[in-house]
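Please open the model in your viewer and keep the selection tool at hand. The tour below moves from one selection to the next and says what is found at each stop.

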Amino acid sequence: MVAMLKLARCEICQGAGRIKGIFHRMECAGCNGGGFVTPDGKPLEYPVLVQQLRLRLARSGNERRMMQAALEKAGLWPLAGPGDDYAGRKNRRGVGGGNMTGD
């Protein structure tokens, strides 16, 4: 199992992974295009960078699912909006019958 390393945002590209050249955008050499560096400012090698980005993506997906489950349990999810009219949810007049959205 790979442990999540403590990383800092690249100061050269401000965490974007790309810098602006004269005529084009190019990969940031300070962070190997990942937007993150070690706390001492060294770029991560590609295999380590991919692992760390994958771990952070998985963690954010888990956090999103947990927040959505908590909202569903509290009765606050799914949120009602104009799309509900077109899907026929929460509209006593039928699909598209109760709300002019201007589309």
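A salt bridge is taken here as a side-chain nitrogen of Lys or Arg within 4 Å of a carboxyl oxygen of Asp or Glu. With that in mind, select Lys-42 and Asp-40: these two residues form a salt bridge, with their closest N and O atoms 4.0 Å apart, and a search of the whole structure finds one such bridge. Both Lys-42 and Asp-40 are exposed, where exposed means over 50% relative accessible area, buried means under 20%, and partly exposed lies in between (1.4 Å probe, protein chains only).

Before going further, note that this is a predicted model, in which local features need pLDDT of at least 70 and side-chain atom pairs count only at pLDDT 80 or more, while totals for chains, interfaces and linings use all residues. Residues are numbered from 1 along each chain as its sequence is written, and side-chain values use heavy atoms, with hydrogens and water left out.

Now show the whole chain as a cartoon. The protein has two helices and four strands, arranged along the sequence as β-β-β-β-α-α; helices (H or I, at least four residues) and strands (E, at least two) are DSSP runs numbered from the N terminus. Of the 103 residues in the protein, 20% are buried. Among contacts with a separation of 6 or more, 32% join residues 24 or more positions apart, a contact being heavy atoms within 4.5 Å.

Next, select Cys-10, Cys-13, Cys-28, Cys-31 and Val-37, the five residues of the largest nonpolar core. Such a core is a set of buried Ala, Val, Leu, Ile, Met, Phe, Trp, Tyr and Cys residues joined through side-chain atoms within 4.5 Å. Cys-10 is buried at a relative accessible area of 2%, and Cys-28 is buried at 1%. Leaving aside neighbours within four places in sequence, Cys-28 is in contact with Cys-10, Ile-12, Cys-13, Gly-17, Arg-18, Ile-19 and Gly-33.

With these cysteines on screen, how many disulfides does the structure hold? It holds zero, a disulfide being a pair of cysteine sulfur atoms within 2.5 Å. The closest cysteine sulfur to that of Cys-10 is in Cys-13, at 3.7 Å, and is therefore too far for a bond; likewise, the sulfur of Cys-28 has its closest cysteine sulfur in Cys-31, at 3.8 Å, again too far for a bond.

Move on to Met-26, in strand E3 (residues 25-27). At 36% relative accessibility Met-26 counts as partly exposed, and, not counting residues up to four places away in sequence, Met-26 touches Gly-17, Arg-18, Ile-19 and Gly-21.

Gln-14, in the loop between strand E1 (8-9) and strand E2 (18-20), has a phi near 60°, a positive value in a residue other than glycine, and is partly exposed at 43%. Asn-32, in the loop between E3 and strand E4 (36-37), also has a positive phi near 60°, but Asn-32 is buried, with a relative accessible area of 18%.

Finally, select Trp-77, in the loop between helix H1 (46-73) and helix H2 (82-87), where it is partly exposed at 34% relative accessible area.
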